There are 2 protein chains.
Amino acid sequence: MSILALLAAALRDDQIRTDPEALEAYSHDDAEWAPYRPPLAVVFAETLDDVVATVTAARDTATPIVPRGAGSGLSGGANGVDGSIVLSLERMTGITEVNVDERYAIAQAGVVNDVLRQHVAQHGLWYPPDPASQSIATIGGNVATNAGGICCVKYGVTTDYVIGLTVVLADGRVARLGRTTAKGVTGYDLTSLVVGSEGTLAIVVDATLSLLPLAGREERAIVGYFDDLVAAGRAVAAVASDGIVPSALELIDRTCIDAVNAWQDLGIPSTASAMLMAKVDETGETGQRLAARVAACFEAAGATGVERADDPDEVDRLILARRLAYPSLERLGPVLTEDICVPRTRVPEMLARIEGIAATWDVTIANIAHAGDGNLHPLIIVPDGDDAAKERAKRAFDEIVDGCRDLGGTVTGEHGVGLLKLPGARAEQGETVQDMQRAIKRALDPQGILNPGKAIPA
Amino acid sequence: MSILALLAAALRDDQIRTDPEALEAYSHDDAEWAPYRPPLAVVFAETLDDVVATVTAARDTATPIVPRGAGSGLSGGANGVDGSIVLSLERMTGITEVNVDERYAIAQAGVVNDVLRQHVAQHGLWYPPDPASQSIATIGGNVATNAGGICCVKYGVTTDYVIGLTVVLADGRVARLGRTTAKGVTGYDLTSLVVGSEGTLAIVVDATLSLLPLAGREERAIVGYFDDLVAAGRAVAAVASDGIVPSALELIDRTCIDAVNAWQDLGIPSTASAMLMAKVDETGETGQRLAARVAACFEAAGATGVERADDPDEVDRLILARRLAYPSLERLGPVLTEDICVPRTRVPEMLARIEGIAATWDVTIANIAHAGDGNLHPLIIVPDGDDAAKERAKRAFDEIVDGCRDLGGTVTGEHGVGLLKLPGARAEQGETVQDMQRAIKRALDPQGILNPGKAIPA
């Protein structure tokens, strides 16, 4: 039987789409310019059994499966390949358990990050990972890419919260990985191995996520304006050297500031070349003192202005520019999003390199950065329909990746390798690590049907 | 050539010992009653090249290698097997980098946990993982077992701090895993896969460890005495329900208290059936308020007495009983150390079961627990030379493991599977997870020479 016949036998009609609109819509994620091909069909799993049936059918017909959450990925990890089935988990939206005493929740792959956060908040609990796409991205996708976010600088990334997974293996078997207890070291850490593997080792059906208490934090914001990026970089280094771990330390550059100012008046000085937005979340006097120390670091590094807030609305207002930066830039044209991570102290140097690369290739590059982590998102903006500029943008993209490696960085801080970072991953990892990855891939997916061609260099 | 001839050609004489004293001393770790056999030789590696040479020789002669740090493991993970080479990393004691701005250190496998902590403290940095064996255990062993400790309840375990590893693979090649940057998601998380794999996938030669600032914490201790274990269990649950994350929450039971009181006078009421020792480490008023809330939880749960301290010496004095509990018990006879983890709310129930098991098998069982994590260490004590009691102790050990599984727990919270927990791991994991583990083991060590027979059920 063909894969489509097998799927039709196992699933309802409304769980399978083969119309051209669906095939196009589900053929790629949000990565601009990563290659993609329309799949044979899109399958909408609603239960664990649906996933098992789909993988079993794929196994029996040697059909590639591309798992997919919201399609908000930025590296092409969910892009269709020839002859593939795109397996959407977006209908699996159950939060099947919230355990207050043990502080964990079990969420199916299709639960949107924000929905989970709001749900557990009702139980006095907090799920920290906060990728920018949190209002649309799913937990399954967050797990697949090991998503980061703004609060990582203090609270870590997705993998730091995943203590268990239900997965379907390439042979169709179901494996329950990890635990629900606070600690546990029984056997290999297969949970962490699957997190960040971008659907190439197993299909994530649900995740057991450890949570923190919601209470006990008071957010304060500290914003600094700088005449040049180097001064802002000095401020970032000063915060680290002072032993402060802020709960956010974000940077936007002049291009972002101009784009934001061109759209909305948030009162950002038009002369500023860089803006740093920090948060601390310790309570009471401790929080006040920390906020004052961050402000002092900004001032000592040469900030031309520093603002502070401890009222929640004021905090939101002060850091609104961070949220608006990306949509402001998208108004200028298609955006090719970079994602590199360099040592914190090399942030100014990397920003200077990016400036040089923008000049060399005559492209506009804006910078949004999780500066406190050294995780930079240079955003290459190209006028719509300008193919020559698009070509130059690709060259700039590659040079940024090379530059980050020169400075001791890693080619992807939080978006994943997908397709876009395969050459960078190859350069970064060396042959032995690649051999290890390929050996593990072959061990768990001998047919190579799970999201082939993604995440690890062939 | 034989393995011994190959080793003799590659290493200095004083790096190889084959005398009976060495073979006996290096044939087992601290796990009472786990099976062991003397190795063919003990090799003392001093450099990465020495490890490569040893593994290469083992590969070419299909000789099992048992890597070993301080030998302070409690599951038999470092026990010799027939015809093996024990590869000691204890001479590799270099701390090759401390990066203050990026907050990481690179430590060779033989660095003692406490030595690392003291070294990075001089740079204003803190390495949290604090296994009870911290004064003797090595970083390599901590990584191999994914060691826990007292501060895990707030600060996590070893794997939460390991961001990179240099390892030697079974074929003798060197792999550099992970990163030095704050974030990074390039490829599979091989670092986390190796952490906790007990030397069965690769030999850890050095570890890149992320660190926290040393400053910014003020320790306060809260101690509660209870008439019965159930009341102490209620206090643990109350702390969790109140949304408090203490930096320590330890329990010792009446057997421990009696053993401590029989040895030293710390002023512990002889009527107490259980003692809870909590720490919080928030600064200033926030810390004071939290300490008061913990004390209130203890009182509401029925503590017969509560003591508090915020002076560092007083804090140490109050929790001294925790440190003395284990050596106090060792004075009573050989100790078989259990290590299970149950849901926090099931701690009283598990303690009651353990009491029943002790009665059934007529053995003394003391309980030391990382209560805040649900991680219990029932310590089975047998009079020296009493073989019948030893046999009963083994039965009690197995029943405790079964009991923890009944309550939704995991068979090892922080000591590792080694040899002692192989049956428990088999029961806990199910066939699919075991198949995944075996597939990965075969993929990375096709000859099966790296610490064969440990960590994963055959």
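A crossing of two helices is right-handed if the near helix is turned clockwise from the far one by less than a right angle. In this predicted model, helix 13 of chain B passes helix 14 of chain B in such a right-handed crossing. Helix 13 spans residues 347-361 of chain B, and helix 14 spans residues 387-406. Their axes come within 10 Å and cross at roughly 155°. Angles over 145 degrees count as roughly antiparallel, and the two helices are therefore roughly antiparallel to each other. From helix 13, the contact draws on B:Met350, B:Arg353, B:Ile354, B:Ile357 and B:Trp361. Their partners in helix 14 include B:Arg392, B:Arg395, B:Glu399, B:Ile400 and B:Asp406. The contact residues divide into 7 nonpolar, 1 polar and 5 charged.

Chain B also holds an open sheet of 5 strands. The strand order is 5-6-10-8-9, with antiparallel pairing. Strand 5 (95-99) and strand 9 (174-178) are the edge strands, each pairing on one side only. From one strand to the next, the twist averages 10°. Strand 5 is joined to strand 6 (residues 104-108) by 4 bridges, and the two run antiparallel. Within this pair, B:Val98 stands opposite B:Ala105 of strand 6. Helix 4 (residues 113-121) of chain B packs on the sheet. Helix 4 touches strand 5, strand 6 and strand 10 (203-210), and its direction makes about 40° with that of strand 5.

The same surface serves both copies, as 99% of the contact residues of chain A recur in chain B.

Note on methods
Residues are numbered from 1 along each chain as its sequence is written. Chains are lettered from A and ligands numbered from 1 in the order in which they are written. This is a predicted model: local features need pLDDT of at least 70, side-chain atom pairs count only at pLDDT 80 or more; totals for chains, interfaces and linings use all residues. Side-chain values use heavy atoms; hydrogens and water are left out. Two strands pair if DSSP finds at least two bridges between them. Axes are lines fitted to C-alpha atoms, for helices over the stretch in contact, and angles run from 0 to 180 degrees between N-to-C directions. Contact means heavy atoms within 4.5 Å. Angles under 35 degrees count as roughly parallel, over 145 as roughly antiparallel, 65 to 115 as roughly perpendicular and the rest as oblique. Ala, Val, Leu, Ile, Met, Phe, Trp, Tyr, Cys and Pro count as nonpolar, Asp, Glu, Lys and Arg as charged, and the others, Gly among them, as polar.
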